[in-house]
Amino acid sequence: MPVRPTIAFAKIAVPARGAVVVLAAEGGALSAPAAAIDARGQLAKAFSVADFTGKIAAGIEVLAPLDAGFDRLAAVGVGKPEALDRRAWSRIGGAAFAAARKAQDISILADVEGAVPTPDDVAALALGVLLNAYAFDKYKTRKDNGKAATGPAKVTILCPNPAAAKRAFAAVQGLADGVVLARDLVNEPANVLGTLEFAAKAKELEALGVKVEILTEKEMRRLKMGALLGVAQGSIRPPRLVVMRWDGGKAKDKPAVFVGKGVVFDTGGISIKPAGGMEDMKGDMGGAAAVTGLMHALAARKAKANVIGVIGLVENMPDGNAQRPGDIVTSMSGQTIEVINTDAEGRLVLADALWYANERFAPRFMVNLATLTGAIIVALGNDHAGLFSNDDALAEQLLAAGRDTGEKLWRLPLGPAYDKMIDSKNADMKNTGGRQAGSITAAQFLQRFVKDTPWAHLDIAGTAMGSPSSETNQSWASGFGVQLLDRLVRDHCEG
Ligand code: BES
Ligand code: MN
Ligand code: ZN
C-alpha cells in the first residue's frame, strides 16, 4: 500500500522529536519561531555554505544539534512571501515532505517571515504533503532501500490557528483521496484492472452518496451505441458505461457533466501498435480515472452542485472478432463512421458516451477528458493538456482553473477547415484525419457528437501519465484533471 501519512495540526512550538521542517523566505530569512527552532544557527550557516537562497520548493537538510530534542532539521524555500498562492503552498508542502521523508515523525512549521498563512493556505500545504507522499508500490514485496515497509509517517503541521486549519483540511482530504484514486486506477496494470474491475471501483463511490448506474453490453446495444461497441468487440472483457451522479445542488439546477475515456488497455486493435512503450497503454483510461477521482472528491466534500460523471469502459484488442479497418459503424446519434484505423478508438468510445450524456442529462456544460492522441504530446509535451472548446466562456473558466491548480491547459483551435478533414467518401465521417493536425481532427470528431451544448475536450495523453516528477507528484500517473475540475465546480457551479 502507498504510505499515506497521517496529518495533524498543532500550535507553533519547538518540537521535541523527529524531523522538523521550517520555511525560509527568499534570501534565507527565517521567521521568529523558525529561528527559535534553529537556536544554534546551524541551518542559517548551511544556507550560506550550500548557497541556499530560499527559492520556492528548494530544500536543505542538516542534523540537529546534540542538545535539541528533535534529530533532523530541514528548510524549504518559499520564494517571495507576497507571491504565495494556494498552488505555491501545495508545492511547499510537497517539498517539505520530500525534505523529511526518511523520518517517521515530521513537524512542518507553516510560518513565513512576512506572510501569515491562512487556514486555506495550511490546508493547501497539507494537500501537497499527501500528494508528494503517494507512491504506487503495492506490488513491491521488497522496498527500494531493502528495509521492511514501515508504517505511515505522522506529519504535524504547526500553524497559527490549528483548529481552523483542521476544518479547512477536511475538504482537502477528500480532494487528495480523489487524486490518489485516479492515480491508483491509472497505475494499476490491465491484468488486474479490466472493465468490470474498473466499474466495481466506481460502484464503491456509493459509500459516499454517489448514485452509480452500470450499463451492460445488452443495454448499450439497445441504445444503439455501435461506435463504442465496435471497439469493445475484440476483447473478452465486456464493455461497461458507468454513470455516477452527485446531486448536491438544487433540484432545478442543470448538471455539469464530465465524460471520460476508459480504454483499460489500448493495443491499437487490428491496427496494432508497435511493441516499444505499449505497456503505457494500461493508462489509456486516464480520462475515466480523472472523472471517477473527481466524483470522489466532490462527494467527499459534499459539493453544492449537481454533477454527473460518465465513463466508457472498453478494451481495444486484436482478435478474430475485432473490428477491421474499413468497417462502418453506426453511432447512437445515427451518424455513421468509417473506421480507417482501429487505433483511433478513444473518439469512437466518446462519440457514444458524449451523445448519451447530452441526450439524457441536458447538461449546462460537458467536459470530456481523454488520453486521446500521441499528437498532443508532440505539440505540448507533458506540461499542458490540450483544450478544445465550442464555448469561449467555458474555455476561459477552464484555463483559469488550470492556472490556479497547476494543471495547466493550452487552447488549440477548432474550425470548418479541420472538420472537413474527417469527411469520408463511404460514411458520414471517418475516424482519422490523416497526418496533419491529429489532435485537432480528433477534437473535431468529438464535436460532431455534442450539438450546441457548451463543451470542452481535454486531451490529457501527455499529462495523465509520464510527466516529470514534481513536488506534488512522484508517480508515473499524475491524477491530472481531478484538482482542475474540482476547482471548476467550486468556482462556477456552487452557490
Ligand atoms: N491512446 C492513444 C493515444 C496515446 C498515445 C495516449 C500515447 C497516450 C500516449 C490513442 O488511442 C491512439 O492510439 N491514437 C492514435 C490516433 C491515430 C491512429 C489517428 C495516435 O495518437 O497515434
Ligand atoms: Mn489507440
Ligand atoms: Zn487509446
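Mentor: A residue is called buried when its relative accessible area is under 20%, exposed when over 50%, and partly exposed in between, with a 1.4 Å probe and protein chains only. This is a predicted model, in which local features need pLDDT of at least 70 and side-chain atom pairs count only at pLDDT 80 or more, while totals for chains, interfaces and linings use all residues. Residues are numbered from 1 along each chain as its sequence is written, chains are lettered from A and ligands numbered from 1 in the order in which they are written, and side-chain values use heavy atoms, with hydrogens and water left out.

Let us begin with the zinc ion (ligand 3). Its donors (N, O and S atoms within 2.8 Å of the metal, or 3.2 Å for Na, K and Ca; water is not among the atoms, so sites may look incomplete) come from Lys 261 (NZ), Asp 266 (OD), Asp 284 (OD) and Glu 345 (OE), at 2.0 to 2.4 Å. Along the chain these donor residues follow the spacing K-x4-D-x17-D-x60-E. The 6 donor atoms of the zinc ion (ligand 3) make angles of 78 to 175°, and the site is octahedral. Six donors count as octahedral if opposite donors are over 155 degrees apart and all others between 65 and 115.

The manganese ion (ligand 2) lies 3.1 Å from the zinc ion (ligand 3), and Asp 266 bridges the two.

Of the 17 residues around ligand 1, Lys 273, Asp 284, Asp 343, Glu 345 and Gly 374 come nearest, where a residue is near if one of its heavy atoms lies within 4 Å. By class, this shell holds 5 nonpolar, 5 polar and 7 charged residues; Asp, Glu, Lys and Arg count as charged, Ala, Val, Leu, Ile, Met, Phe, Trp, Tyr, Cys and Pro as nonpolar, and the others, Gly among them, as polar. With ligand 1, a polar contact is a pair of N or O atoms within 3.5 Å. A polar side-chain atom of Asp 266 lies 2.9 Å from an oxygen atom of ligand 1, and one of Asp 284 lies 2.8 Å from a nitrogen atom of ligand 1. Taken alone, ligand 1 exposes 520 Å², and the protein buries 77% of that, by the Shrake-Rupley method with a 1.4 Å probe.

Finally, Cys 159 counts as buried because its relative accessibility is 1%.

Notes: A polar contact is a pair of N or O atoms within 3.5 Å; within protein, one must be able to donate a hydrogen and the other to accept it, and residues adjacent in sequence count only if both atoms are side-chain atoms. Four donors count as tetrahedral if all angles lie between 85 and 135 degrees; four count as square planar and six as octahedral if opposite donors are over 155 degrees apart and all others between 65 and 115; anything else is irregular.
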